[in-house]
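Try each task before you read its solution.

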Amino acid sequence: MARPSASLGFLVALGLSLAAFVLENEAVLLALSLACLAASFKRLRRVYWVYALYAVGLTGVFVNAVLFNNTGSTVFHLLGYPVRSGAVEGFVRVSLRLLLIAAAGSWFITEYTPVEVARGLERELGVPKGVAYAVAYAFRLMPLVARDYREVEFVRKERGKRAVPVTPSDLASITTPLLRIGYERALWTGISMELRGFSLRRVKREFRLLYR
């Protein structure tokens, strides 16, 4: 079965992400988001963390809308504070834009392997191999970071600490080991790639619209 090449998929995901900043119609944003979700529906378990981060980010979007765009008629009260129509409309629009970016990115992540991404960017789009490898490595790194986070969270629970970070010390106890592990992993990955002759490797240029 034919499917778009990695370079074409990258351009589609990039175009949808850029369109999220331009489009103003909520119905169009929702339709594009649902289309991306439908395309990656069978593999959503692999990128559940994307939507978990999206759900957490909605709190900040709502607070920002209430603080900076709370105009118009009052829609409802939250803890005695009036939330007006301007804040609700801004929250819905920004939330849909973030949803489109998350859906496009998750579709691209689940549709292509890191090897396909690197090969497509190098051979088909002419991206420098160092940049292409960095992008592919970032996609490969995402599930590893999710696994590291689960391990850090497990250790925190075993030590009797809060599962959800609340204070700055809680955040530091999570981010510090994640940054240390990520640095060590990136360092030794770079060393191993150079030992295998990555900088001397030649790239053959070609362009494909479809894979089979």
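This is a predicted model: local features need pLDDT of at least 70, side-chain atom pairs count only at pLDDT 80 or more; totals for chains, interfaces and linings use all residues.

**Exercise 1.** Classify the ring pair formed by Trp 107 and Tyr 112.

*Solution.* Start with the distance: the ring centres are 6.1 Å apart, and rings pair if their centres lie within 6.5 Å. Next, take the planes, which stand at 85 degrees. Angles over 60 degrees count as edge-to-face, so that is the class of the Trp 107 and Tyr 112 pair. By this rule the count comes to 4 aromatic pairs.

**Exercise 2.** Now classify the pair of Phe 108 and Tyr 112, and decide whether these two residues are buried or exposed.

*Solution.* The centres of the two rings are 5.3 Å apart, with planes at 50 degrees, so the pair is tilted. For burial, the cut-off is under 20% relative accessible area. Phe 108 has 3% and is therefore buried. Tyr 112 also comes to 3%, so Tyr 112 is buried. Trp 107 is buried too.

**Exercise 3.** Which residues do ring pairs link into a cluster?

*Solution.* The cluster joins Phe 10, Trp 107, Phe 108 and Tyr 112.

**Exercise 4.** Describe the setting of Ser 17: its helix, its burial and its contacts.

*Solution.* First, locate the residue: Ser 17 lies in helix H1, which covers residues 6-22. Then check accessibility: the value for Ser 17 is 18%, so this serine counts as buried. Finally, set aside neighbours within four places in sequence; Ser 17 is then in contact with Ile 101 and Ala 104.

Methods:
Residues are numbered from 1 along each chain as its sequence is written. Side-chain values use heavy atoms; hydrogens and water are left out. Rings of Phe, Tyr and Trp (its six-membered ring) pair if their centres lie within 6.5 Å; planes under 30 degrees apart count as stacked, over 60 as edge-to-face and the rest as tilted. Buried means under 20% relative accessible area, exposed over 50%, partly exposed in between (1.4 Å probe, protein chains only). Helices (H or I, at least four residues) and strands (E, at least two) are DSSP runs, numbered from the N terminus. Contact means heavy atoms within 4.5 Å.
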